[in-house]
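Please keep the sequence and the structure in view while reading.

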Amino acid sequence: MRFIKKYVSVLVIIMSAHIAFAQTGSVEGVISDSTGRTIEAVSVVVQEINKTVITDSKGYYILKDIPVGHYTLAVSQVGYNGFTLTFTVKENITYGLNFVLKSKAHELEEVHVNGVIAISGMGHLTEVHDGIIYAGKKNEVLTLDSMDANTAQDNPRQVLGRVPGSNYSETEGGGFPSNGIGFRGLNPTQSIETNTREDGYNITGDIYGYPESYYLPPLQAVERIEVTLGASALEFGPQFGGVVNYIVKSAPTDKVFEFTTEETGGSYGLINSFNSIGGTYKKWSYYAFVEPEYSDGWRANSQVKQLTGFGRLEYKASSKFKVGVEYSLLRNLLHMPGGLDDAEFSQNAEQSFRARNWLTSPWNIIALTADYKFSDKASLSFKSAENFSGRNILWRNEDGGPESFDTINPATSTYQPREVLHEYFKSSTNEIRLVNYYFISNRRQVVDAGLRFFYGWMSRQEGGLGTTGSGPDFTDSGSYYPKNLTFTTTNIAPYIENTFHIGQRLSITPGLRFEYIKSTATGYVTDDNGTIINVNASKPRNIVLAGIGLQFKTISTTNIYANISQAYTPVEYSFLYPLGLDTNAKIDPNLKDITGYNVDLGWRGSVKNFFNFDVGGFYMAYNNAIAFEDFKDAGGNTYSYETNVANSVHIGVETYVELNVVKLFTANSRIGTLSFFNSFSYDKATYVNGPYKGNYAEYAPLTIERLGITYAIKWFSTTFLISNTAKQFSDANNTVYNPDALSGIIPAYTVMDWSGTIKIKNYHIKLGVNNLDNLNYFTTRAVEYPGPGIIPSQGRTFYLGFGATF
């Protein structure tokens, strides 16, 4: 690849600047009991050097900076049988060792060796994890502490980009920094096709009617990200695009108080200050962070002011019962520069013709968690998330698209009044899960059953008459909203899955889920003639989902997985009735739910300590696909019409490979390690019937490839990443060019990122460059907010951060 050769000198310069230092490695893992529940406060000791840690509230431990050599690992906990295990530490490798303990009078049941987790931090979940069955399912785990990435700005390419097929809606250039993600050719806009969670509970506005993600925990506070594709619908419900679960860091279990700070500055006035505290005292543990951030923005009129916060308090009443409460918040003020047409983008992607558009989205999530262990074989978990949030938009009326400028009216010497939109969310997501282990013919089996109850309420007031000013004044005339609607969703969903082990190698996991969902819309809208139309719509439905998974252990560190599972995506609130009048988009009022199924087949694992892989294929039937069609009104103006256009089929291949070149040839190296990882997907997503038969699905690039090169030595690591995404279309027509830029091709692009980390005792420095080549590109054409038109992605930016832990 020519672009790799062009920049290989960058890596050579970086590597040549460093010499050998003392060689060390690490061991990390999770300790659980025979029910799959993690065990807190387990002592893990490297006996020869008397290095000790204890597991946190999630059973996680890590032993860092162990000199190369042979050691004995001792594990002990009151109420469980202790044991020892010999292991070997090799340079710059982190070994994953997960243990399953049994209570007194039982022996150590099994040891799970997950294989080598290289610097890139990519792995997969065990058969049962946190009370959820993952056997036979396509999943990935990303460990952030072992990555070089711009976590201060939550750069998605450098973290979730390692998951094959991940596609992004990069909207930070539009004044909205929460980038969306989609998998396998599904729409990435605001992550509407994925089920987004934090610590296992819902954090979106409404998982059914309004699945957009405005709050995301900052990556500096995230311990790991768990991604489940394909078969996720049985355990989690919608959507087709799978589940992305952000696991926030836990309180240290060996300290009463710990303080961590990381101060980051960067291009275009970036100031980010991340600060966290945590600790454990007797039966109590706590963790909290606050992160204020400010940026002038890469484009004109794209300033960001944001405050993210989180707090967790847990009480472990006994070895059987634990309860906790969490609170997440977001406060922001975002200046939105609007979209561009193709000519404007080519001329200057940083320009803006909207100086009066603003957004704020205050987010509040309160979560209650409880875990109870009946015995070594049975446990119960409960999570309840209450969401009290909102979204307010202040913008110029967008009739005419991006080429219609926002100018002063000569007759009044003022701007036209802006439009005001207010949305308010209240939702309650309650999930209870029971895990029980039992035996058939001396083979351990596991059943996982649960129930979700969800109620969501949303109020939308749209088209209000705002001020003629330019600042973030969200007041309105108070006289009239052309659209004033209230939406509700009620959902009850029981499910059950059971893993049957047949022999020592094969497991089969059938599952079933029932979904009752009822959506309502009440209020009024106003048509083009000013006539008020009362709305009183209700849409109840019952949906049954079934699936089955298989997993076959080829050797101790590799397995073949296969799964077929039904899925669906319910229509959103905005689809129950057309959008507001003064927009470039109209909605079919008779939209149907999207239904279909996912099929996965793959092989994953590791070879010794130098090679990790996950190679597989997938097939997704996506029926009643919703997409935009372009039409012209009586006046000849183009508008986009969103409707069920046809059925689409997504078929492809996903591969992830990681090779430690140095460890391939030698077990010990004095010059550090060099590893490569490649994440690749081929996805042919096409419509198979209807007027668009043979056309590509929108936002479905044929190929996505990312190549990373990591060099690491004891105190320093650096990663150079090249990301290539093929061209994609923004509508079902596969429009190549449209003068209003609401639809059209999204050209292929190749972006480069570089990041480095320096660690000295409890201090660290992070630095890097994103979009190293300063490429002009974009990933989104918006038909309305945050556009309309092309939303440019950011150009070259630099960052430098200093951190410490006390």
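**Strands, rings and confidence**

Six strands make up an open sheet with mixed pairing, in the order β9-β12-β17-β18-β15-β16. The edges are taken by β9 (122-123) and β16 (201-202); each has a single partner strand, so one side of each is left without a neighbour in the sheet. Strands here are DSSP runs (E, at least two residues) numbered from the N terminus, and two of them pair if DSSP finds at least two bridges between them.

The model is predicted: local features need pLDDT of at least 70 and side-chain atom pairs count only at pLDDT 80 or more, whereas totals for chains, interfaces and linings use all residues. Residues are numbered from 1 along each chain as its sequence is written, and side-chain values use heavy atoms, with hydrogens and water left out.

A hairpin of 2 residues then joins β33 to β34; β34 (residues 558-569) pairs with β33 in the antiparallel sense over 8 bridges. Gln551 in β33 is the bridge partner of Ser507, and Gln551 also stands opposite Tyr561 in β34. The face of Tyr561 has Arg604 over it, at 4.3 Å from the ring centre. A charge counts as sitting over a ring if NZ of Lys or CZ of Arg is within 6 Å of the ring centre and within 35 degrees of the ring normal. Likewise, the charged end of Lys426 sits over the ring of Trp457, 5.4 Å from its centre.

The structure holds 22 aromatic pairs. Rings of Phe, Tyr and Trp (its six-membered ring) pair if their centres lie within 6.5 Å; planes under 30 degrees apart count as stacked, over 60 as edge-to-face and the rest as tilted. Among them, Trp603 and Phe613 are edge-to-face, 4.8 Å centre to centre with 65° between the planes. Phe274, Tyr287, Phe289 and Phe310 form one aromatic cluster.

The protein chain averages a pLDDT (the predictor's confidence in each residue, from 0 to 100) of 85, and 90% of the residues score at least 70.

Notes:
Helix = DSSP H or I, 4+ residues; strand = E, 2+ residues; numbered from the N terminus.
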